[in-house]
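Please prepare a short briefing on the structure shown below.

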Amino acid sequence: MSHNELSDLPEKKFERADMTGARFTSATFRGATFRACEFQNVVMRGVEMWDTTIDGEIKNLVINGVDVAPLVDAELDRRHPERPKFRPTDPDGFREAWNLNERLWKSTIAKARGLPPDALHESVDGEWSFIQTLRHLAFATESWVARCILGNSSPWHALSLPWDTMTPRPGVPHDRDARPSLDDALALRQDAMAIVRRVVDGLTDEQLDSRTEPLVGPGWPDEGTTFPVRTCLLIVLNEEWWHRMYAERDLAALADLEPDGESSSR
């Protein structure tokens with residue numbers, strides 16, 4: 001099909017669009033960007049795909065008859081031998097994972113301190129800045145540990161940052177444009193990490209296999225929901241792992257943008 005035969009929608013923005021059950025035939029997505037999009041139960045046939053980058057949670061992705069998700073996971077584990085420790089199965093494993101997480105983040109924070117303060121508020125390719133990443137991890141811990149496991153109905157600090165496309169909820173902060181200093185963001189972050197430390201230090205097999213009480217009050221996760229304690233902790237570990245990887249990637253890019261020698265001397 002020629003360009004003139006296409007229904008032209010170049011550079012259009014689809015935000016908060018529900019395309020469940022939509023059908024795209026002979027459509028071109030050349031140069032398109034998808035952020036925070038859901039692709040569950042999607043079927044693509046006769047597609048042409050190259051020079052494409054996908055970052056996200058991938059399960060049961062079958063390409064030309066091959067489920068590639070296990071291959072991706074195996075390669076990530078090979079590249080990062082510490083990664084399997086972020087999928088613990090018993091209380092000692094959760095304590096070991098959190099000890100490791102604290103050590104890894106110390107190294108990442110040291111790299112961040114080597115950059116000018118303004119650089120830590122800069123976005124790389126539209127992603128969260130380093131400061132925003134710290135704020136989001138505080139939100140994740142407050143939501144899944146303080147709210148779900150410990151029963152604090154409204155645990156969020158004013159600087160905590162939900163994901164960008166979250167529907168506004170009463171009592172949940174969402175100030176994406178706040179610019180706290182690194183030290184202020186770290187204070188928020190360390191308070192949240194201390195919550196996890198307290199939980200995992202006292203974690204027992206019985207607690208790990210239990211469920212949370214139904215949530216009370218508006219917020220995230222939703223009121224009335226309940227979760228396995230194990231799931232809540234694994235979600236936090238998954239957030240910690242991936243956001244540190246993203247932070248390391250973006251800190252390296254920001255360091256490359258600094259004038260020669262400048263970033264290493266600050």
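The second largest pocket holds about 190 Å³ of space. A pocket is an open set of points on a 1 Å grid over the protein atoms alone, with protein on both sides within 12 Å along at least five of seven lines, whereas a cavity is a set of points where a 1.4 Å probe fits but cannot get out. The model is predicted, so local features need pLDDT of at least 70 and side-chain atom pairs count only at pLDDT 80 or more, while totals for chains, interfaces and linings use all residues. Residues are numbered from 1 along each chain as its sequence is written, and side-chain values use heavy atoms, with hydrogens and water left out.

**The second largest pocket**

- Lining residues, which have an atom within 4 Å of a point, are here Glu 102, Trp 105, Lys 106, Ile 109, Leu 186, Arg 189, Gln 190 and Met 193.
- Helices α2 and α4 are the elements that each give two or more residues to the lining of this pocket; helices are DSSP runs (H or I, at least four residues) numbered from the N terminus.
- By class, the lining of the second largest pocket has 4 nonpolar residues, 1 polar residue and 3 charged residues.

**The largest cavity**

- The count comes to 1 cavity of 30 Å³ or more, and the largest cavity has a volume of about 40 Å³.
- The residues that line the largest cavity are Phe 94, Trp 98, Val 145, Val 196, Val 200, Leu 233, Val 236 and Leu 237.
- Two or more lining residues come from each of α2 (91–113), α4 (182–201) and α6 (229–257), and the largest share, 3 residues, belongs to α6.
- The lining of the largest cavity has 8 nonpolar residues, with no polar and no charged ones.

**A buried charge without a partner**

- Glu 142 is found in helix α3 (residues 130–147).
- Glu 142 is buried yet has no salt bridge, where buried means under 20% relative accessible area, exposed over 50%, and partly exposed in between (1.4 Å probe, protein chains only).
- The nearest side chain of opposite charge to Glu 142 is that of Arg 135, 9.6 Å away.
- Beyond its neighbours within four places in sequence, Glu 142 is in contact (heavy atoms within 4.5 Å) with Arg 147, Pro 155, Trp 156, His 157, Ser 160 and Leu 188.

**Salt bridges**

- The whole structure has 19 salt bridges, each a side-chain nitrogen of Lys or Arg within 4 Å of a carboxyl oxygen of Asp or Glu.
- Arg 83 and Asp 77 meet in a salt bridge of 2.8 Å, N to O; Arg 83 counts as buried at 9% relative accessibility, and Asp 77 is buried at 18%.
- A network of salt bridges links Asp 73, Asp 77, Arg 83 and Arg 87.
- Arg 176 forms a salt bridge with Asp 164, with the closest N and O atoms 3.0 Å apart. Both residues lie in the loop between α3 and α4, so the pair ties together parts that are 12 residues apart in sequence.
- Arg 176 is partly exposed at 29%, and Asp 164 is partly exposed at 35%.
- Arg 169 and Asp 222 meet in a salt bridge of 2.4 Å, N to O. Arg 169 lies in the loop between α3 and α4 and Asp 222 in the loop between α5 (205–208) and α6, so this pair ties together parts that are 53 residues apart in sequence.
- Arg 169 is partly exposed at 21%, and Asp 222 is partly exposed at 36%.

How values were computed: Points joined across faces, edges and corners; volume = space filled by probe spheres on them. Nonpolar A, V, L, I, M, F, W, Y, C, P; charged D, E, K, R; others polar. Lys, Arg positive; Asp, Glu negative; His and termini not counted.
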